[in-house]
Amino acid sequence: MAKKQTQNAAKAFKRYLRLERNFTANTVEAYMRDVEKLLAYLKSGDIDPTEARLEDLQAFAASLHDIGVGPRSACRVLSGVRTFYKFLQLDGWRDDDPTELLESPQFGDHLPEVLSVQEVDQMEQSIDLSKWEGHRNRAIIEVLFSCGLRVSELTTLKLSNLFLDEGFIRVEGKGRKERLVPISPKAIRELNFWFDDRNHMTNVKPGEEDYVFLNRRGAHLTRTMILIMVKQMALEAGISKTISPHTLRHSFATALLEGGADLRAIQAMLGHESIGTTEIYMHIDTHTLREEILNHHPRNRQRKDNPDEHEEPQT
């Protein structure tokens, strides 16, 4: 495939992601970054992407490790590569899909940091409410934790998608898929405190009026701004764990699971397309898991129902 053809295939793939898969701009760009890594690698070996073999892609996967890309990041990159080749086959650029036998790197069950409810409270209590952004930042922490939102979902949250009297918010997730998420009374209370301050803003930029969270200049917050804020708030609260906005989402889901929530309900709340994603994302401590098994195993239930059944006969 000539250079121009390669560029055309990449552009066609981008259109496919945006128009046919209906992915958000952020998701499309993430896919394109992954594919550009592959195309740069193949170009260095003078390999036509439409003629790349499984061995070439395996060598690319190995090269990711060589340049320090971790297993999880490599898995994400290879997922983008698989989508690219499925598209090339679907769109007639090649007859087969060489990624069918391409394996992802193996990695252990590294579990993200989790915050307890007390640590979330610590973060909120450390916020200086005398500052302009005080109530806004507390509302951000509480909404992330109470609703389990992705940071991109928080930054694009609109006033028109809040149904606080009914106790729900409408969230636009990955692939522009919408879902209704319950919101806690505490989060509603923190939002209302922020709205008292927000209503006094006179510099809201045109087109930004419907965004829930704004900066001092009247524009909606970015993901990077939220990341910096959350890390700073954790530091000020004396929390030494590695914290990001995603930590609050994971803490929300973990708390639900440990509280007995159904995995399918958690999947719906998080907006996961596959239950497998939710299962990987969750964890239960071994003590809780053991107790659950012992309490619900049919042998143990039978013993509880018939306590004398297994007693040794008296002589």
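Is D96 buried, partly exposed or exposed in this predicted model? With a relative accessible area of 37%, D96 is partly exposed, and the views below begin with the salt bridge that this residue forms.

**View 1. The salt bridge between D96 and R94.** The closest N and O atoms of D96 and R94 are 2.9 Å apart. While D96 is partly exposed, R94 is buried, its relative accessible area being 9%.

**View 2. K86 and D97, joined by their side chains in a salt bridge.** The distance in this pair, from N to O, is 3.8 Å. K86 belongs to helix α4, residues 71-90, whereas D97 lies in the loop between α4 and α5, so that the pair links distant parts of the chain, 11 residues apart. K86 counts as partly exposed at 46% relative accessibility, but D97, at 8%, counts as buried.

**View 3. K241 and E119, a salt bridge between a loop and a helix.** The side chains meet at 2.9 Å, N to O. Because K241 lies in the loop between α9 and α10 and E119 in helix α5, the pair ties together parts that are 122 residues apart in sequence. K241 is partly exposed, with a relative accessible area of 28%, and E119 is buried, with 16%. Elsewhere, a network of salt bridges links E124, E142, K186 and E190.

**View 4. The open sheet of 3 strands, in the order β1-β2-β3.** The pairing in this sheet is antiparallel. β1 (162-163) and β3 stand at the edges with a single partner strand each, so one side of each is left without a neighbour in the sheet. Between β1 and β2 there are 2 bridges, and F163 stands opposite F168 in β2. Strand β2, residues 168-172, is joined to β3 by 5 bridges, with E172 standing opposite E178 in β3. The hairpin of β2 and β3 has 5 residues between the strands, and in this hairpin G175 takes a positive phi near 65°.

**View 5. The two faces of strand β3, residues 178-182.** In a regular strand the side chains alternate between the two faces of the sheet. In β3, R179 and V181 make up the covered face, whereas E178, L180 and P182 make up the uncovered one.

**View 6. The largest nonpolar core, with 46 residues.** M123, I169, L191 and F213 touch the most other members of this core. Two or more residues come from each of α5 (117-125), α6 (134-147), β2, α8 (185-198), α9 (223-236), α10 (245-258) and α11 (263-270), and α6 gives the most, with 7 residues. Leaving aside residues up to four places away in sequence, I169 touches C147, L149, L157, N161, L162, L164, R179, L180, V181 and I183. A second, separate core has 28 residues, among them V35, A52, L64 and Y85.

**View 7. D34 in helix α2, residues 25-44.** At 3% relative accessibility, D34 counts as buried, because buried means under 20% relative accessible area. When residues up to four places away in sequence are not counted, D34 touches R76, V77 and G80.

How values were computed. Residues numbered from 1 in each chain as written. Predicted model: local features only at pLDDT ≥ 70, side-chain atom pairs only at ≥ 80, totals over all residues. Heavy atoms only, no water. Buried < 20%, exposed > 50% of the residue type's maximum accessible area, 1.4 Å probe, protein only. Helix = DSSP H or I, 4+ residues; strand = E, 2+ residues; numbered from the N terminus. Pairing = 2+ DSSP bridges. Core = buried A, V, L, I, M, F, W, Y, C linked by side-chain atoms within 4.5 Å. Contact = heavy atoms within 4.5 Å. Salt bridge = Lys/Arg side-chain N within 4 Å of Asp/Glu carboxyl O.
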